[in-house]
Amino acid sequence: MLLTQRSTLTQFLIEERRRFPGAGGDFNALILDIALACKAIARTVAFGELGGVTGDHASEQGGSVNVQGETQKKLDVLSNDVFIRRTEWSGHLAGMASEEMDLPYQIPGQYPRGKYLLVFDPLDGSSNIDVNVSVGSIFSVLRAPQAVIETGRDVTQADFLQPGSSQVAAGYALYGPTTMLVLTVGDGVNGFTLDPNLGEFMLTHPKIQIPPDTHEFAINASNSRFWESPVKRYVDECLAGKTGPRAKDFNMRWIASMVAEAHRILMRGGVFMYPRDNKDPAKPGRLRLLYEANPMGFIVEQAGGRASTGENPMMAVRPTALHQRIGLVFGSKNEVERIERYHQEPVTTELRNPLFAERSLFRD
Ligand code: AFP
């Protein structure tokens, strides 16, 4: 379709800004800076081995490990740098925090400081890089506390510890067969596809809505022995299909790239689960609250879906640490509500019925 028949991201943001006559344009400029960072990462990812950017990051001391205790890929570090360089200079940010940095990033003295905080996972799914599977970037925009804005002081970890409901924007870039940017600024969810000829994100998926029901679930089934019983019950019932209490067959997916799973769910419904489990008591979940669960939760709920810890609404969780991990369930509203219900219901003796046990793959 010719350029004349689609909106660009810039046009979309300017038209959205008309809802706030007093808006100064800082917010739009920040989103466009983030979009440029995602375009740069998309190009780097696309070169893969040709660009010499696959494989593990090697610091002077040998391989490098991030605050999560995970081996950093070269692209993790590169992508983190791109996010910083593309946004630190603009005067829109008071500070940043990233999966790849232990502490918050202070805006250097030569640049003005602004009123927003940017929190991001620069490259999610990076364990898929070397096998050429889709990966993505995830970002969340918060307002800096008034004291930070007024004084221009350095940011502290506490400044970032805001509930998901405080986000002013969230989005992800998906580096797949096409590069897409999916964004919410609090008024629904819109998807933009990168036109590689123009270098522009074009509005291709306006007002995305997640179907409230689904027959597709995503979970890493190799962790089943560590799941809590409500999750085992839910997955067991999906696997029982037509012969079980759900009376319909389900399909299972697991890409190990949450951005790709989330995009599939936004396009055709589904439910994603990385629940709290007892695999590692020190990690009450694999995914991180501030730069994975909250932005994804904001997007999903703005698209009519639901995001939860499994027990409680994700958007209401009050963070206690910058790199806090949390159990995450999101997707089609009716399915997520069912999983929350299972967490609230006592595990009845009926569910221990040998009939279920015989059929169950995951019952201990
Ligand atoms: P990486 O960025 O370390 O590859 O982790 C990706 C992720 O955070 C999320 O995108 C996936 O859904 C999940 O981890 C995959 O976890 P498993 O490797 O345990 O399946």
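Axes are lines fitted to C-alpha atoms, for helices over the stretch in contact, and angles between them run from 0 to 180 degrees between N-to-C directions. Helices (H or I, at least four residues) are DSSP runs, as are strands (E, at least two), and they are numbered from the N terminus. The structure is a predicted model, in which local features need pLDDT of at least 70 and side-chain atom pairs count only at pLDDT 80 or more, while totals for chains, interfaces and linings use all residues. Residues are numbered from 1 along each chain as its sequence is written, and side-chain values use heavy atoms, with hydrogens and water left out.

The axes of helix α7 (residues 258–268) and helix α8 (residues 289–302) come within 11 Å and cross at roughly 15 degrees. The two helices are therefore roughly parallel (angles under 35 degrees). Their crossing is right-handed, the near helix being turned clockwise from the far one by less than a right angle. Met 258, Val 259, Ala 262 and Leu 266 of α7 make the contact with Glu 292, Met 296 and Ile 299 of α8 (heavy atoms within 4.5 Å). By class, this contact has six nonpolar residues, no polar residues and one charged residue, where Ala, Val, Leu, Ile, Met, Phe, Trp, Tyr, Cys and Pro count as nonpolar, Asp, Glu, Lys and Arg as charged, and the others, Gly among them, as polar.

For helix α1 (residues 9–17) and helix α2 (residues 26–47), the axes come within 10 Å and cross at roughly 160 degrees. This crossing angle makes α1 roughly antiparallel to α2 (angles over 145 degrees), and α1 passes α2 in a right-handed crossing. The contact is formed by Leu 9, Thr 10, Leu 13, Ile 14 and Arg 17 of α1 together with Asn 28, Ile 31, Leu 32 and Ala 35 of α2, and its residues comprise six nonpolar, two polar and one charged.

Key: Angles under 35 degrees count as roughly parallel, over 145 as roughly antiparallel, 65 to 115 as roughly perpendicular and the rest as oblique.
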